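Here is a brief report on a single structure. It covers charged pairs, a sheet and a surface patch.

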Amino acid sequence: MTPEETAAAIGEWATAAEAYDLLTVDVPAEHWIDALTAARDGLGLTFFDWLSAVDELGEGFSVSAHLAAVGEPGTVRHLLVRTRVPRDKAVLPTATGVYAGAAWHERETNEMFGIDFAGHPHLITLLLPDGFEGHPLRKDFVLAARVAKAWPGAKEPGESDHGDGPARRKMQPAGVPDPNEWGPLKGTLPPVAERPARAARTPRAAAAGAAGAGAGAEGGPAVRADR
């Protein structure tokens with residue numbers, strides 16, 4: 001079926017596009033259950049593969065369900081049904097009445113993104129420990145692991161009992177706040193030093209390097225590969 005035919009089979013409010021050999025149908029949130037039901041009953045996509053979300057920041061959350069038809073020998077048809085919910089009201093009706101296999105995935109998406117699935121029969125914690133605050137897969141979630149607790153194992157001199165070398169402030173990975181601004185060490189550390197800029201090579205130095213390379217090629221002292 002073409003994308004247009006697939007969208008028409010799902011509903012008049014659906015749009016479809018194909019990319020990377022995967023057909024995606026976008027539907028309004030209020031027709032989420034209608035779309036999944038039409039995919040199962042009208043298109044024969046009876047296998048529920050997975051459901052998850054993507055944090056689009058100001059545009060809300062994109063929620064996708066990957067479906068398939070596996071009853072035809074030698075072929076598997078795939079379809080991604082996608083919708084979007086606003087960030088301040090991230091709620092969708094549960095799909096468990098259409099695909100029972102959605103129950104586990106909705107529980108995971110609920111705790112990782114904070115999206116509520118109204119009518120879910122057992123929407124409780126699945127992966128995170130009891131009392132965990134926040135939703136780790138939201139892009140505004142603070143990755144504070146190395147701020148609250150030192151990383152086990154030596155990565156740099158002075159870190160995690162790495163000999164007697166001098167301690168130094170480490171570069172922060174993406175998403176990890178400065179421990180001097182957030183966490184138990186707030187206000188007790190010196191500011192993070194700026195990485196020194198690499199000096200530009202002068203024409204004279206570049207010429208000298210080229211000359212040295214040429215000398216080695218013409219019978220000069222061999223240069224070890226590990227240098």
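R87 has a relative accessible area of 25%, so R87 counts as partly exposed. In this predicted model, its side chain meets that of D140 in a salt bridge, at 3.3 Å from N to O. The pair links distant parts of the chain, 53 residues apart. D140 sits in the loop between β7 (116-118) and α4 (145-148), and R87 in the loop between β5 and β6 (91-93). Salt bridges with shared partners join D55, R87 and D140 into one network.

## Other salt bridges

The structure holds 5 salt bridges. One of them pairs D26 with R82, with the closest N and O atoms 2.6 Å apart. D26 is in strand β2 and R82 in strand β5 (residues 77-85), so this pair ties together parts 56 residues apart in sequence. D26 is partly exposed at 26% relative accessibility. R82 is partly exposed at 29%.

E59 and R84 also form a salt bridge (2.9 Å, N to O). E59 lies in the loop between β3 and β4, and R84 in strand β5, 25 residues apart. E59 counts as exposed at 52%, while R84 is partly exposed at 39%.

## The sheet

Five strands form an open sheet with mixed pairing, in the order β1-β2-β5-β4-β3. Its edge strands are β1 (15-19) and β3 (47-55). Neighbouring strands are turned by 25° on average, direction ignored.

β1 pairs with β2 (residues 22-26) in the antiparallel sense over 5 bridges. A17 stands opposite T24 in β2. Helix α3 (residues 102-113) packs on the sheet and touches β3 and β4 (61-69). The direction of α3 makes about 10° with that of β3.

## A nonpolar patch

F47, V70 and V76 form a nonpolar surface patch, with about 260 Å² of accessible area together. F47 belongs to strand β3 and is partly exposed at 39% relative accessibility.

Definitions and conventions:
Residues numbered from 1 in each chain as written. Predicted model: local features only at pLDDT ≥ 70, side-chain atom pairs only at ≥ 80, totals over all residues. Heavy atoms only, no water. Pairing = 2+ DSSP bridges. Helix = DSSP H or I, 4+ residues; strand = E, 2+ residues; numbered from the N terminus. Axes fitted to C-alpha atoms, helices over the stretch in contact; angles between N-to-C directions. Contact = heavy atoms within 4.5 Å. Patch = residues over 30% accessible without salt bridge, like charges linked within 9 Å, V, L, I, M, F, W, Y side chains within 5 Å. Areas by Shrake-Rupley, 256 points an atom, 1.4 Å probe, with all protein chains shown as cover. Salt bridge = Lys/Arg side-chain N within 4 Å of Asp/Glu carboxyl O. Buried < 20%, exposed > 50% of the residue type's maximum accessible area, 1.4 Å probe, protein only.
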